[in-house]
Amino acid sequence: MSRGLPLHWRLTLLMTLVSTLTLGVAIAGYYWVAVSKVHESVASNASRVATQAARAITEIIDKGDRPTDEFLRTSFNDNDNILAAVVYEPTGRTRPDERWIRPGSGASIGSLRTSYGNYLNLGFFSNLVNQFPPESVFIQKPLRGADARLLGTLVLTAAASDEELSNLIEPRAIGMLVL
């Protein structure tokens, strides 16, 4: 097909193809940077909240008690980004009264992950793949007693706020306009 085209048309087609591919890669990169920023913001906020909650829960467990769903509800109800919380025992089990899910959120309880478990291991691309969907993040904080023994693990499910998600509107709109 291209053998019958004059040289200047073949060069024009080649430049158009290269330009289109370059524009597509640039838009994908722009969207990826926006998603990374949203994911980082959600993870940072959730990690800060998890650290504070882990201290309080560690104190409760050190006293010989266990945190209840009521304690978890009062701890996380003021922070709209936290959708669910669960406290795992050192054995990896959890009790039904040590779970909390924000009503109406449809969130799931985060699973207990070992050091590298439950993640796709794709080398360089692992961080990118594990950020999707950017709206939800699972944070895991070990609960250690004064003697440094493992008392359990706190796992939070966090979601991006509407303000954070609004940062993805512009990259999506640009992608749609170009398409």
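Predicted model: local features only at pLDDT ≥ 70, side-chain atom pairs only at ≥ 80, totals over all residues.

Reply: Start with the length of helix α1. This helix has 56 residues. At 1.5 Å a residue, α1 should span 82 Å. Every value here is computed from it.

How open is Leu 7 to the surroundings? Its relative accessible area is 56%, so Leu 7 counts as exposed. Together with Leu 11, Leu 14 and Val 18, Leu 7 forms a nonpolar patch on the surface. The accessible area of the four comes to about 380 Å². Here is a general rule to set beside that patch. In soluble globular proteins, nonpolar side chains tend to be buried together. The patch, by contrast, lies on the surface.

Now go to the other end. Just after α1 comes Gly 64, with a positive phi of about 95°. Most residues other than glycine have a negative phi.

Next, look inside. The largest nonpolar core has 27 residues. Which of them touch the most other members? They are Ile 57, Leu 72, Phe 76, Ile 82, Leu 143, Leu 154 and Leu 156. Five elements each supply at least two residues of this core: α1, α2, β1 (82–88), β3 (136–144) and β4 (150–159). Of these, α1 gives the most, with twelve residues.

Take Ile 57 as an example. Set aside its neighbours within four places in sequence. Ile 57 is then in contact with Pro 67, Phe 71, Leu 72, Val 87, Leu 143 and Leu 154. Leu 72, Leu 143 and Leu 154 are also among the core residues that touch the most other members.

Asn 45 is in α1. Is it buried or exposed? Its relative accessible area is 16%, and the cut-off for buried is under 20%, so Asn 45 is buried. Residues up to four places away in sequence do not count here. Beyond those, Asn 45 touches Asn 79 and Asn 81.

Between those two numbers comes Asp 80, in the loop between α2 and β1. Asp 80 has 60% relative accessibility, so it counts as exposed.

The C-alpha atoms of Tyr 31 and Ile 169 are separated by 9.6 Å. Along the chain, the two residues are 138 residues apart. Ile 169 is found in helix α5 (residues 169–178). Ile 169 is exposed, at a relative accessible area of 54%.

Now the charges. Side chains of opposite charge can pair when their charged atoms come close. How many salt bridges does a search of the whole structure find? It finds two.

One joins Arg 73 and Glu 70, at 2.4 Å from N to O. Both sit in helix α2 (residues 69–76), three residues apart, so about one helical turn separates them. An α-helix has 3.6 residues a turn, so residues three or four places apart point the same way. Arg 73 is partly exposed, with 32% relative accessibility. Glu 70 is partly exposed as well, with 41%.

The other salt bridge pairs Arg 149 with Asp 147, at 3.1 Å from N to O. Arg 149 is partly exposed at 48%, while Asp 147 is exposed at 53%. Ala 148 is not a glycine, yet it has a positive phi of about 70°.

Finally, step back. The protein has five helices and four strands. Along the sequence they run α-α-β-β-α-β-β-α-α. Of the 179 residues, 34% are buried. Among contacts with a separation of 6 or more, 62% involve residues 24 or more positions apart. The accessible surface comes to about 11500 Å², and 60% of it belongs to carbon and sulfur atoms.

Definitions and conventions
Residues numbered from 1 in each chain as written. Heavy atoms only, no water. Patch = residues over 30% accessible without salt bridge, like charges linked within 9 Å, V, L, I, M, F, W, Y side chains within 5 Å. Areas by Shrake-Rupley, 256 points an atom, 1.4 Å probe, with all protein chains shown as cover. Salt bridge = Lys/Arg side-chain N within 4 Å of Asp/Glu carboxyl O. Buried < 20%, exposed > 50% of the residue type's maximum accessible area, 1.4 Å probe, protein only. Contact = heavy atoms within 4.5 Å. Core = buried A, V, L, I, M, F, W, Y, C linked by side-chain atoms within 4.5 Å. Expected span 1.5 Å × (residues − 1).
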